[in-house]
Amino acid sequence: MAPLHLVGEPMSWAESKPHLREIRRRGVAQFIALYRSVEHAVGRELLWGDEIEYHLMRLDGEPADAARTVKLSLRAPELLDKLVESEGTDPSRYDGCAWHAEYGRWMVEATPREPFGSYATEMLRVERSMRLRRQRLLSMLEPNEIIPTVPTFPLMGVGDFAHPPAPTMGPVARSESVPDDVINPHPRMRTLTANIRERRGDGTVEVRVPLFRDICTPEFKSPPPPPYEAPPTARADGAPDGAADGAAAAPQPTVRGDAMAYGMGSCCLQVTFQARDVHESRFLTDQLAVLAPIFLALTAATPTFRGRLVDTDVRWAAISQAVDDRTPAERHADGTPVPPGAEQPELAGAGVRRFAKSRYASISHFIYDCPVARLRGERNPILALNDLECEVDEEIAAQLRAAGLDEALTQHIAYNFSRDPLVLFRERIAASDAEQTEHFESLQSTNWNSVRWKPPPAMGSPIGWRTEFRPMEVQLTDFENAAFTNVVMLLTRAILSFDLDLLVPVSRVDENMRRAHARDAVSTQKFYFRKHLVNPAALRAAADGERAPRDEDSPATPGCTQFQRSLDVEEMSLAEVLNGKGDYFPGLLPIVGAYIDSISASASVRAEVHRYMKLIGMRASGLLQTSAQWQRHFITSHADYLSDSVVSPAIARDLMVAAHEVGVGKRPCKEVLGTNKIEPILPVDAWDVKLESSRVDGTTRCQLLRQYMARPAFMTRLKAETHDQSLPDVVDDRKVTRQPCLFTG
């Protein structure tokens, strides 16, 4: 979610509408000014970091109680205040944590306090940092609270699923199943929820996730009882009408949700990289976009939705639908007549321009501007790969072209700004545009794509151009989260160092994103991927022992060649994508290994990276389960499961307890981790203490010294060091306490 540092009075949708067009125009002007002020900044070091989100849950009932359940604990704001306060007194500079609010009142987001740096040993900090975050959260929990790292809460929307309970049908979400009280109390979150719903103009948001069919699932018998019913219509691409990319085809029965919390209440793992310059940031954004569906499938961890087993394994499509602010006219297929009176002049595109996707979706275009083609006066070859429908605001596009921006970047910004800003603060409407980017960020931060390109936050900021990798699902353990974080980071280094090119047509990326949603996609689906990642001319030169040709003189700027125009793409399993195929495709993990060899990393770094690569390689090959597969098996093999696709409160509680215990190292999980063992994470010693020099009163000092002297270990060590065998093995504490204390006044 966007940062919550802005304060003020957010405007309702009705109040915002007269300002929308002006805010969009000024936001683009702010971007142009920012871009021109920092476009030539180069030489930034690699800085990178991860974000992990946590659910705070409360256990009700004893483990053997038939009525036992698990609920969301709405204590996150209270917890967050304590964490931030404690962190502020923590003297550790590098191993500290930063804590942030999230959409849900039960959610906490954590990042490392300082970003990881550009040395190989920084990879060893990642898991340690993640364990510290979990440990510090544990230290703040009440005895009946847990923090399992799973993407979704399995009982969201089922009965009184939150503590304390609250009524539904509140004025913000208007949900029949989710109370407004579960939303973060920050005004921005509530306004965002209400404005998305009001912009749609047809009631609440509608989320539909295909239901898993078991032998006794009642919805597969006609007629299905609500709220688990078959969608009445289907979109042109086979997904339910109004659904986003990744949703399943009709007429399969679906589990339905009617609140933003069904999507934005999900937890994930994100990684952000600072690039050397603007060219590298745009290049990496495109390359990582190709990897997004691959890593979504590898990290699959969401087999449940609203108390049911579902026929997908990931959260993405549910979030896409939960924040879908498109009007009915914008969601209609091409050729559908616009109903009379549907136009709203204040809205972008008058509220009737068709959008193929929700604003939370996989990318729709690549953004790299090929410098070689530009120098030669040729058309950017990357544009040929943008073969999806990509709605742009032509007025905005003209504004960008007039400012001299290249076509790929013009298309990207004009696409983002074809949407409306969702949250405006009354006090900021008339704020000066000089040296601030607030209106730009209001739209940049609410276009949630699988990969996000992030300019510096402000003119003169020490933060550079960044790429945010967003698709991965949070994993059960910090070991897994560290494995995926480090391997993605190493892939960015290998792509740049080895001049690799992963690009395929954007339509193939979209199709891969759909396939990543399938149940057991990691072992059942094939994904479009490039057969050759290196320019064939470079391969021929290497075979002949010659220097590989470069696209330009500067080795710091990623190149693009004629090779990108003649793509050789085929369908591969995830095992082939990760581990290699035949004698022509090495696989992503061997490429990572080759990169580690090329930089002569230390033995400790090599050993840790090897553990991470082995975990991911075995998961891709089906030798280890995804979190989704493990959860699904836990549910279907539970004694209370009735083969009806229902996740009962007791099953949900047991599942969440098991997930929590796996995460803290209390419960082994060979199905997911193999031979890797998680060292126990305990709440004790979660916080560092200062080496104080302030005086301790004399009485306390005497008591401490007497206790220490009376310990057998102290006397044993003293005898060894002094070679004085006449000293007793144990000091008689009664005699020690009778001696006068020199430290008393």
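Six strands, in the order β4-β5-β1-β10-β16-β15, make up an open sheet whose pairing is antiparallel, where strands are DSSP runs of E with at least two residues, helices are DSSP runs of H or I with at least four residues, both numbered from the N terminus, and two strands pair if DSSP finds at least two bridges between them. The edge strands, each of which pairs on one side only, are β4 (97-101) and β15 (451-454), and the twist from one strand to the next averages 20°.

The structure is a predicted model, in which local features need pLDDT of at least 70 and side-chain atom pairs count only at pLDDT 80 or more, while totals for chains, interfaces and linings use all residues. Residues are numbered from 1 along each chain as its sequence is written, and side-chain values use heavy atoms, with hydrogens and water left out.

**Overall composition and confidence**

- The protein has 26 helices and 18 strands, and of its 745 residues 58% count as buried, a term that stands for under 20% relative accessible area, against over 50% for exposed and the range in between for partly exposed (1.4 Å probe, protein chains only).
- Among the contacts in the protein with a separation of 6 or more, 76% come from residues 24 or more positions apart, a contact being heavy atoms within 4.5 Å.
- The mean pLDDT, which is the predictor's confidence in each residue on a scale from 0 to 100, is 89 for the protein, and 86% of the residues reach 70 or more.
- Over residues 229-250 the pLDDT stays under 50, and the model has 64 contacts beyond four places in sequence for this stretch.
- The pLDDT is also below 50 over residues 547-556, a stretch with 20 contacts in the model beyond near neighbours in sequence.

**Strand pairing within the sheet**

- Strand β4 pairs with β5 in the antiparallel sense over 5 bridges, the two being joined by a hairpin through 5 residues, and Ala-101 stands opposite Val-108 in β5.
- Strand β5 (residues 107-112) is in turn joined by 4 bridges to β1 (residues 48-55), with the two running antiparallel, and Ile-52 has Ala-110 in β5 as its bridge partner.
- Between β1 and β10 the antiparallel pairing extends over 5 bridges, with Phe-273 in β10 as the bridge partner of Trp-48.
- Strand β10 is also joined by 4 bridges to the antiparallel strand β16 (residues 466-469), where Phe-469 is the bridge partner of Val-271.

**Burial of the two faces**

- In a regular strand the side chains alternate between the two faces of the sheet.
- Strand β10 (residues 269-274) is mostly covered, with 6 of its 6 residues buried; Leu-269, Val-271 and Phe-273 lie on one side and Gln-270, Thr-272 and Gln-274 on the other, so that both faces are covered.
- Strand β5 is likewise mostly covered, with 6 of its 6 residues buried, and here Met-107, Glu-109 and Thr-111 point one way, whereas Val-108, Ala-110 and Pro-112 point the other way.

**Packing of helices α11 and α12**

- The axes of helix α11 (residues 394-402) and helix α12 (residues 407-416) come within 9 Å and cross at roughly 145°, where axes are lines fitted to C-alpha atoms, for helices over the stretch in contact, and angles run from 0 to 180 degrees between N-to-C directions.
- The contact is made by Ile-396, Ala-397, Leu-400 and Arg-401 of α11 together with Glu-407, Thr-410, Ile-413 and Ala-414 of α12.
- By class, this contact of α11 with α12 has 5 nonpolar, 1 polar and 2 charged residues, with Ala, Val, Leu, Ile, Met, Phe, Trp, Tyr, Cys and Pro counted as nonpolar, Asp, Glu, Lys and Arg as charged, and the others, Gly among them, as polar.

**Two buried helix residues**

- Asn-195, in helix α5 (residues 187-200), counts as buried because its relative accessibility is 2%.
- Leaving aside residues up to four places away in sequence, Asn-195 touches Met-11, Ser-12, Trp-13, Ser-16 and Leu-422.
- Ala-652, in helix α22 (residues 649-663), is buried with a relative accessible area of 0%, and, not counting residues up to four places away in sequence, Ala-652 touches Val-70, Pro-154, Leu-155 and Val-647.
- Ala-652 and Thr-304 are 348 residues apart in sequence and 9.7 Å apart in space, C-alpha to C-alpha.
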